[in-house]
Amino acid sequence: MRKILTRIFSGLLLFISIASYSQEASLYKWSYTSKKISNGKYEIVFLTTGVQGWQLYAPNQNLSGVQTVELSFADSSISFEKNISDKGTSKSFVSSIFENTTVKVYEGQTEWKTTITFKNDTIPAEVQGKLTYFYGKNDEFTPDLPLSFHIPLEGGVGSTIRIKI
């Protein structure tokens, strides 16, 4: 009897662990591009159409010690403007979550831009990084999954190393 109960319990535990495992999907869908400005300098653009019923917090806001948008790059030779320019129809309101601070959000399409500069002469074929941002509605303030991006760069060079076995 004990063997049967152990097998049932193990099977139930396995079923629960498989059923509860799920990969979360990002709420916001993004597109991104780059545009060469000059040698070693590129404009990076992020665009989203928004999500019905949700508010996307605009960049360049520090809300009670939390940056609403952060950008990081895998390549340490990249420097970038910390202020991200934003475009779209925004809405501002006083938020009770952040001690009655006025916050800026987007409820529809928005475009965010920043300029990156490479410190060395070799420009890679693509730039890799992560965009972290927050969204919410009513009294919610939620981080979305970081957006990992790979953006092709005009005039960039792919790896010239060939590994021979």
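Predicted model: local features only at pLDDT ≥ 70, side-chain atom pairs only at ≥ 80, totals over all residues.

Me: Is strand β2 (residues 41-48) largely enclosed or open?
Reply: Buried means under 20% relative accessible area. In β2, 6 of the 8 residues are buried. So the rest of the structure leaves β2 largely enclosed.

Me: Which residue of β2 is the bridge partner of Ser 38?
Reply: Strand β1 (residues 30-38) runs antiparallel to β2, and 8 bridges join them. Their hairpin has 2 residues between the strands, and Gly 40 has a positive phi near 75 degrees there. In β2, Ser 38 has as its bridge partner Lys 41.

Me: Which residue of β9 is the bridge partner of Ile 44?
Reply: β2 also pairs with β9, antiparallel, over 8 bridges. In β9, Ile 44 is bridged to Thr 114.

Me: Is Asn 60 buried, partly exposed or exposed?
Reply: Asn 60 lies in the loop between β3 (55-57) and β4 (62-63). Its phi is positive, about 70 degrees, although Asn 60 is not a glycine. Most residues other than glycine have a negative phi. The relative accessibility of Asn 60 is 37%, so the residue counts as partly exposed.

Me: What is the relative accessible area of Asn 100?
Reply: Asn 100 sits in the loop between β8 (85-95) and β9 (101-118). Phi of Asn 100 is positive too, near 60 degrees. Exposed means over 50%. Asn 100 is exposed because its relative accessible area is 57%.

Methods
Residues numbered from 1 in each chain as written. Heavy atoms only, no water. Helix = DSSP H or I, 4+ residues; strand = E, 2+ residues; numbered from the N terminus. Buried < 20%, exposed > 50% of the residue type's maximum accessible area, 1.4 Å probe, protein only. Pairing = 2+ DSSP bridges.
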